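Hello,

Here is the structure I promised to pass on to you.

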Amino acid sequence: MKFTVNGEERAVEVAPLKRLLDVLREDLGLTGTKEGCGEGECGACSVLVDGELVDSCLVPICQVEGAQVLTVEGIAPSGQLTPLQRAFVERGGAQCGICTPGMVVAAHCFLASGQPSTNEAVREAIAGNLCRCTGYTKIVEAIQEAAGGAGSAGEKAGRGFGCVYVDGDGDGDGNVARSRGT
Amino acid sequence: MIPVTSARSLQEAFDVLARRTPGLRVLAGGTDLMVAVNARIGLERIGHVLDIWRVPELRGVTWHDGTLRIGALTTYTDLMRSELIRERLPALGMVSREVGAWAIQNRGTIGGNVCNASPAGDTLPLLLAAEARFVLGGPRGERAVAADQFFLAYRKTALGADELLLRIEVPVSGRLVYRKVGTRKAQSVSRVILAACRGPAGVRIGAGCVAPIPLRCRHAEAAAGSGGDARAALERDITPIDDVRATALYRSRVAGNVLVRLLEAL
């Protein structure tokens, strides 16, 4: 099974249903990605596959053949923190840190999509990433700071991974106003 | 180790289906099957996994003669991005935003939602109210099954052992509205979900979480069509239970409240 992780081509020989999460952690030694629930509810295992945010605990490795994977380790490969990561540190967006890798990957993807970082949009972007420590406020503020201020659009196309975030109601105003069709 | 075939074409998938291997499971985005695999539930009953994630014939949303054709592998994100869905059946894109969260929406498929056949499946009441058809296919050919004939019993469908869901066809006629009531805004299995559509033949109502299957509410439809008390009639359609998410009384009360609002909105 050949695929690219953080820009580097890798090959593994494992059972086809082995989770991408376990391949990353055990076969490739990339332990930044965490397991929180094993059922796609907490987002601690979030990574990008071909630019799309996924829960790696639900992705079988047989479906990753030929794909480009980005993990938290790939966001700052040289060790120099990105503005997003610095904002997390400076604003108190991380306490115990267990949600942080997944949070940073989700936030990175949101920022790369160029969507305006309104409070609602940021919260919807990280809705699949649970945090038991911070109460989310500092995380949202960190993401907005990295975007250039609340409501600003973030850095486009992070490192060649074309993240796509959806303007859900399609009116282009960047507000992901949740309408239920009634 | 469970054997897996990752099909690269529909024909390859059909060849696997033709073998009728006992315990064959179909794998699409993995948001249902991988949860079971991770929890080690029923692994001994899985004989073979047919991975259809890369079968191109199962993707795509097209418009043909007044009918939306939605490939079984269309993800919730695809539904949200689709211009066609936004123009013709926006409710389907909106409900997709209420399924799980972003990472689930990128991988979960409408075909998986249908074939998993949970009574809480979020697209199902909408497809029922819209009178969708499910096009099934396999080595023996293709056939269409109406949505209200597809869900037979709890998590049991009309899909044959050697069949795949290929696509969903929705004749777009009237306005489709819905309301999902979950435990929170995201990452929430529904407690009650209803959809209503005013088509040329009258009002159609689909409901989830109020019976062992997602179902059409025929008594409520008749009452709505004749100006009667639809909320009272709904009580004859539904058989809600107590479970971890809600009580039968809650479901009954809330389903009635939601129905009244949906009918006002139509």
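To start with a term you will need, domain bounds here come from an automatic or database domain assignment. By that assignment, chain A is divided into domain 1 (2-74) and domain 2 (83-160), and the C-alpha centres of these two domains lie 21 Å apart.

Please keep in mind that this is a predicted model, in which local features need pLDDT of at least 70, side-chain atom pairs count only at pLDDT 80 or more, and totals for chains, interfaces and linings use all residues. Residues are numbered from 1 along each chain as its sequence is written, while chains are lettered from A and ligands numbered from 1 in the order in which they are written.

How confident is the predictor? pLDDT is its confidence in each residue, from 0 to 100. Chain A averages 87, and 84% of its residues score at least 70. Over residues 155-182 of chain A the pLDDT is below 50, although this stretch has 65 contacts in the model beyond near neighbours in sequence. (Two residues are in contact if their C-beta atoms, placed from the backbone, lie within 7 Å.) Where pLDDT is low, the predicted coordinates should not be read in detail. Chain B averages 96, with 100% of the residues at 70 or above. For the complex, the predictor gives an ipTM of 0.95 and a pTM of 0.93.

Now back to the domains of chain A. Here 13 residues of domain 1 are in contact with 11 residues of domain 2. On the domain 1 side, the largest share, three residues, comes from strand 3 (residues 46-49) of chain A. Helices (H or I, at least four residues) and strands (E, at least two) are DSSP runs, numbered from the N terminus.

Next, the core. A nonpolar core is a set of buried Ala, Val, Leu, Ile, Met, Phe, Trp, Tyr and Cys residues joined through C-beta atoms within 7 Å; buried means that 20 or more other C-beta atoms lie within 10 Å of a residue's own. The largest such core has 136 residues, and Ala106(A) and Ile52(B) are among those with the most contacts inside it. Helix 3 (residues 100-113) of chain A gives the most, nine residues. Both domains of chain A contribute residues, so this core lies between them. Among the residues that Ile52(B) touches are Ala7(B), Val26(B) and Leu164(B).

Finally, look at helix 12 (residues 248-265) of chain B. Its buried residues include Arg251(B) and Leu262(B), and what covers the buried residues includes strand 12 (190-199) and helix 10 (218-225) of chain B.

Enjoy exploring!

Key:
Buried ≥ 20, exposed ≤ 12 C-beta atoms within 10 Å, placed from the backbone. pLDDT = per-residue confidence, 0-100. Lists of a residue's contacts leave out its neighbours within four places in sequence.
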